[in-house]
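Open the model in your viewer and keep the sequence panel beside it. This tour goes stop by stop: what to select, then what is there.

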Amino acid sequence: MRPTNRIDHFLPVRFKNGSVVKQFSKPCVKCGQMLHARHMHGIARLLDDHLAMAATAHCPACHTQFGVACVIDNEKRVRRVVLPLFLFKLYLRTLAVHPAEAAAHEAALAEVAKQPAPAEAKPAPVDYPRADEVIGRYADKPIPAHIIVDGRTVPFDRIEADGRVNAGEYLLDGCFVYKPAQS
Ligand SMILES: [Zn+2]
C-alpha cells in the first residue's frame, strides 16, 4: 500500500455511536472555493468519540495553503483547535505511537488547548557545582551557600518547596533557589 497522508484516505471514520464521517470540507480562507478532504494533507485520528484532524489545505483554485486543526464529535459538530497547527500535528503523531493511551490523552488535549504554557516553569534538574560552605539545612538536605554557574558564583536566595523559579534564577536539589547578585 502506498503511504499517504491525504485526509480523504483516513475517511470514512465510524464512531462508537454509529455515526460516520464520510467527508470533510472547508471553504478556502482566501477565495471561498469549497475544499474537500482530498485537498488536505496531514493526520486524522479517532480519539474515543472524537475525530481529531490536523492538516494543511491546498486550494486548487487560488493555490493558497492554510492550516486546518479541528475536532469533530460523534454528532459531527466541528470545533476548532486553538493549539498551533504544528503542535497539534505533533500531538496526534504521538498518539499514533501509543494508541492505547489515546483516551487518556483526550482530556489533556482539552486542557492544552485552553492554556498557553505558563511563564513560570519547573526547570530540568541540574547538579551545579556547589560551595562546601553550608548555611543551613532544609528537608534534611544541606543548603550550599552558593553554586557555580558558567564560572560565576551565584548566592543562595531562598527555598521554594515546589521548585518554581523565575527567569534568571537557578534551582538546586529541587527546592533551593540561587539568584545572581545584582550588578
Ligand atoms: Zn482559494
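Start at Phe86, which lies in helix H1, residues 85-97. Bear in mind throughout that this is a predicted model. Colour Phe86 by accessibility: its relative accessible area is 59%, so it counts as exposed. With Phe86 they make a nonpolar surface patch of about 310 Å².

**The zinc site**

Select the zinc ion next. Which atoms coordinate the zinc ion? They are the SG atoms of Cys28, Cys31, Cys59 and Cys62, at 2.3 to 2.4 Å. Display the angles between the donors. The four donor atoms subtend 106 to 116° around the zinc ion, and therefore the arrangement is tetrahedral. For reference, the ideal angle for four tetrahedral donors is 109.5 degrees.

Look at the sequence panel for the spacing. The donor residues follow the pattern C-x2-C-x27-C-x2-C.

- Cys28 is buried, with a relative accessible area of 5%.
- Cys31 is partly exposed, at 40% relative accessibility.
- Cys59 is buried, with a relative accessible area of 0%.
- Cys62 is partly exposed, at 26% relative accessibility.

How many disulfides does the structure hold? The count is zero.

Stay here and pick Ala61. It sits in the loop between strand S6 (50-58) and strand S7 (65-73). Its relative accessibility is 46%, so Ala61 counts as partly exposed. Draw a C-alpha to C-alpha distance from Ala61 to Cys31. The two are 30 residues apart in sequence and 7.8 Å apart in space.

**Salt bridges**

The structure holds ten salt bridges. Side chains of opposite charge can pair when their charged atoms come close.

Select Arg6 and Asp8. Their side chains meet in a salt bridge, 2.8 Å from N to O. Arg6 is partly exposed, with a relative accessible area of 28%. Asp8 is partly exposed as well, with a relative accessible area of 24%.

Move to Glu169 and Arg158. They form a salt bridge in which the closest N and O atoms are 2.8 Å apart. The pair links distant parts of the chain, eleven residues apart: Arg158 is in strand S12 (152-159), and Glu169 is in the loop between S12 and strand S13 (170-172). Is Glu169 buried or exposed? At 10% relative accessibility, Glu169 counts as buried. Arg158 is partly exposed, with a relative accessible area of 21%. Salt bridges that share partners join Asp157, Arg158, Glu160 and Glu169 into one network.

While strand S12 is on screen, pick Phe156, which is also placed there. Phe156 is partly exposed, with a relative accessible area of 22%. Then pick Val177. Phe156 and Val177 are 21 residues apart in sequence, yet 6.2 Å apart in space, C-alpha to C-alpha.

**Backbone stops**

Pro12 lies in the segment before strand S1 (13-14).

Next, select Lys76, in the loop between S7 and strand S8 (78-80). Lys76 has 46% relative accessibility, so it counts as partly exposed.

Show the side chains of Glu75 and Arg77 too. They meet in a salt bridge, 3.3 Å from N to O. Arg77 is partly exposed, at 49% relative accessibility.

Finish at Asp140. It lies in the loop between strand S9 (134-138) and strand S10 (141-144). Phi of Asp140 is near 70°, again a positive value in a residue other than glycine. Asp140 is exposed, with a relative accessible area of 67%.

Definitions and conventions:
Residues numbered from 1 in each chain as written. Predicted model: local features only at pLDDT ≥ 70, side-chain atom pairs only at ≥ 80, totals over all residues. Heavy atoms only, no water. Patch = residues over 30% accessible without salt bridge, like charges linked within 9 Å, V, L, I, M, F, W, Y side chains within 5 Å. Areas by Shrake-Rupley, 256 points an atom, 1.4 Å probe, with all protein chains shown as cover. Salt bridge = Lys/Arg side-chain N within 4 Å of Asp/Glu carboxyl O. Helix = DSSP H or I, 4+ residues; strand = E, 2+ residues; numbered from the N terminus. Buried < 20%, exposed > 50% of the residue type's maximum accessible area, 1.4 Å probe, protein only. Donors = N, O, S within 2.8 Å, 3.2 Å for Na, K, Ca; no water. Tetrahedral: all angles 85-135°; square planar, octahedral: opposite > 155°, others 65-115°. Disulfide = S-S within 2.5 Å.
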